[in-house]
Amino acid sequence: MLKNMTIRKRIMVILVMVYVISLGLAVGGGYYVLREDTARESEEKTQIFAAAMSATTRYLLTQIRPKVENYLPETYFPEATVGIVMLTEAAKMIQEDYPEYIFRIASPNPLNPENRANPFEARTIEAFDQGDIEGWKGFVEKNGKDYFAIASPMPASEGCIWCHDTPETAHPEMVEKYGNQSGYGYVAGDVVGGRFIYVPTEVALQQAEKKLTFFAGGFSLFFLLMLLAVDRIIVYSVVKPIENIVSVATDISKGKMDRELVIHTNDEIKTLAEAFNRMKISLAKAMDILSR
Ligand code: HEC
């Protein structure tokens, strides 16, 4: 294909191909790097969130619960004894200031229907239970928005059973509040739920896309200017001199031996013109000899 083109067109086609390939590589690579960057930043945020949440539960379990159980052994007081109640309540308070951050303790078999796992959470919990994965992190879409999420499994232990075994063994006040349909039947060792933290990445990803668009625009403008410059160089240093040589050579072939090639540049075209002029002199001499 390239063979049948003029030199000018051929160089332009090659340069445009270089442009398309390099733009594709640069934008593709740039997008990958920026997305990784977003993931890293979001992961840091989720980890700080997770650490704060874990500290809250640890405080409850080590400082508050033993005392509550000591002072109020008969009282049902989940706000001070159930880590998950405290976590979900604390998360709600955080959400008042950062509504886009989502913290969830989800389960496919929940006491509180608000905690019912959505399809993504249910799949992840199932994979935890099967032992396929020990943790999950990545980008997910939730209610049409992009989030970075981390998830960790919540296995049941013996300590969970007195509330999550059967409605008959659980505290009546708890059963009254949550009903007797869901949230029971836990077996120690099973993964019964998962902790999910979602941080929004929409803004970060949008910024990344904006940066890439600016880059692609700048890169294209630069290439366009380069293309115009290269085109001018080809026209002035290759196309025009060759046209000149063609016109002089045509004239000479028609017998106008007084024509001479004049090239002002000092390059391959000049060498060609000099060779051509020498050939013309030899031709004139040969014709002179023949005509005698
Ligand atoms: C004192 C009773 C009690 C104990 C012990 C207990 N839980 Fe719960 N659990 C609850 C209550 C009450 C809720 C509902 C919280 C809410 O309203 O969000 C809950 C919620 C959950 C949830 C969220 C889904 C749902 O059911 O709403 C999971 C998962 C869970 N518990 C797992 C565990 C695990 C694992 C343990 C043991 C490490 C445990 N629980 C120990 C009372 C308890």
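**Exercise 1.** In this predicted model, work out in which helix histidine 164 is found, and which atom of this residue is a donor of the iron atom of the ligand.

*Solution.* Begin with the secondary structure, where histidine 164 turns out to belong to helix H5, which covers residues 158-164. Next, turn to the iron atom of the ligand, for which the NE2 atom of His164 is a donor at 2.1 Å. Finally, check for other donors from the protein: His164 is the only one. A donor has to lie within 2.8 Å of the metal, and the value of 2.1 Å for His164 can be compared with that cut-off.

**Exercise 2.** Describe the shell around the ligand: how many residues surround the ligand, which element gives the largest share, and how do the residues divide into nonpolar, polar and charged?

*Solution.* First, count the surroundings, which comprise 23 residues, with Leu111, Cys160, Cys163, His164 and Tyr178 the closest. Second, assign the shell to elements, where H5 provides the largest share with five residues. Third, sort the shell by residue type, which gives 15 nonpolar residues, eight polar ones and no charged ones. Last, consider the space that the ligand takes, which is the largest pocket.

Technical notes
Residues numbered from 1 in each chain as written. Predicted model: local features only at pLDDT ≥ 70, side-chain atom pairs only at ≥ 80, totals over all residues. Heavy atoms only, no water. Donors = N, O, S within 2.8 Å, 3.2 Å for Na, K, Ca; no water. Helix = DSSP H or I, 4+ residues; strand = E, 2+ residues; numbered from the N terminus. Near = heavy atom within 4 Å. 1 Å grid on protein atoms, 1.4 Å probe; cavity = no way out; pocket = protein on both sides within 12 Å on 5 of 7 lines; lining within 4 Å. Sits in = over half its atoms within 2 Å of the grid points. Nonpolar A, V, L, I, M, F, W, Y, C, P; charged D, E, K, R; others polar.
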